[in-house]
Amino acid sequence: MKSKIARALQESALAKQATADILEDSIWRAAEQMAQSLREGGKLLFCGNGGSAADAQHLAAEFVVRFTYDRRPLAAMSLTTDTSILTAAGNDYSFAQIFSRQVRALGGPGDVLVAISTSGNSDNVVEAAHAAKELGMTVISLTGVPGGRLAEVSDVLLNVPSSVTARIQEIHITIGHIWCDLVQEMLGLEEDARDGRG
């Protein structure tokens with residue numbers, strides 16, 4: 001049993017190191033896109049299914065509330081949390097449309113969609129990405145290798161070098177936390193917080 005624990009932790013560590021080697025530039029570019037959008041009055045929309053839905057909700061909260069220190073709230077929202085919208089769209093249209101309907105209602109030019117799918121092939125996440133592109137939004141995708149259909153519609157693709165769902169999800173939330181830190185820094189919010197303007 002202990003060997004299984006050690007193996008899982010080692011696999012996670014190795015996958016994270018491989019991610020650092022391969023995706024550092026893409027993580028930075030994604031953070032720059034987010035910061036630019038927020039700087040210009042845009043917003044971040046997050047979506048995903050299952051564990052990725054939880055990641056979407058988690059990361060939106062980090063931007064809106066706080067990450068490592070008190071600062072002004074940042075415009076971000078998860079498209080996975082409104083049960084009335086999700087069930088109405090799923091019932092009246094299809095499950096594939098539950099996120100794209102919201103993107104079309106809430107998104108606009110200059111906004112960013114963060115599309116989270118370990119396979120890169122989740123129909124509703126791919127449809128959301130297509131809707132975002134039609135609106136002039138930037139699409140940043142978190143996937144596993146090789147990126148699936150999201151690879152075709154992403155402005156920045158972060159395809160984690162793993163095919164194991166658990167390892168991919170562990171790295172997705174780590175990347176999300178890195179984004180929160182970088183975006184705060186890019187927007188100068190740490191200095192504002194020190195000066196009491198947070």
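**View 1. Pro146 sits in the loop between β4 (138-144) and β5 (156-160).** The peptide bond from Val145 to Pro146 is cis. Its omega is near 0°. Strands (E, at least two residues) and helices (H or I, at least four) are DSSP runs, numbered from the N terminus. This is a predicted model, in which local features need pLDDT of at least 70, side-chain atom pairs count only at pLDDT 80 or more, and totals for chains, interfaces and linings use all residues. Residues are numbered from 1 along each chain as its sequence is written, and side-chain values use heavy atoms, with hydrogens and water left out.

**View 2. Helix α6 covers residues 165-186.** Its 22 residues should span 32 Å at 1.5 Å a residue, and the end C-alpha atoms are 31 Å apart, which agrees. The expected span is 1.5 Å times one less than the number of residues. Among the buried residues of α6 are Ile168, Ile171, His172, Ile175, Trp179 and Leu182. Buried means under 20% relative accessible area, exposed means over 50%, and partly exposed lies in between (1.4 Å probe, protein chains only). An α-helix has 3.6 residues a turn, so residues three or four places apart point the same way. Gly188 follows α6 and has a positive phi, near 70°.

**View 3. Helix α2 (residues 51-64) crosses α6.** The two axes come within 10 Å and cross at roughly 15°. Axes are lines fitted to C-alpha atoms, for helices over the stretch in contact, with angles from 0 to 180 degrees between N-to-C directions. The helices α2 and α6 are therefore roughly parallel to each other. Angles under 35 degrees count as roughly parallel, over 145 as roughly antiparallel, 65 to 115 as roughly perpendicular, and the rest as oblique.

**View 4. Glu62 lies in helix α2, and Thr68 in the loop between α2 and β2 (76-78).** Glu62 counts as buried, at 16% relative accessibility. Glu62 and Leu74 are twelve residues apart in sequence, and their C-alpha atoms are 8.9 Å apart in space. Thr68 counts as partly exposed, at 45% relative accessibility. Thr68 and Gln184 are 116 residues apart in sequence, yet 9.2 Å apart in space, C-alpha to C-alpha. Gln184 is one of the buried residues of α6.

**View 5. Leu38 belongs to helix α1 (residues 2-39).** Leu38 is buried, with a relative accessible area of 9%. Leu38 and Lys2 are 36 residues apart along the chain, and 45 Å separates their C-alpha atoms.

**View 6. Arg101 lies over the face of Tyr93.** The distance to the ring centre is 4.2 Å. A charge sits over a ring if NZ of Lys or CZ of Arg is within 6 Å of the ring centre and within 35 degrees of the ring normal.
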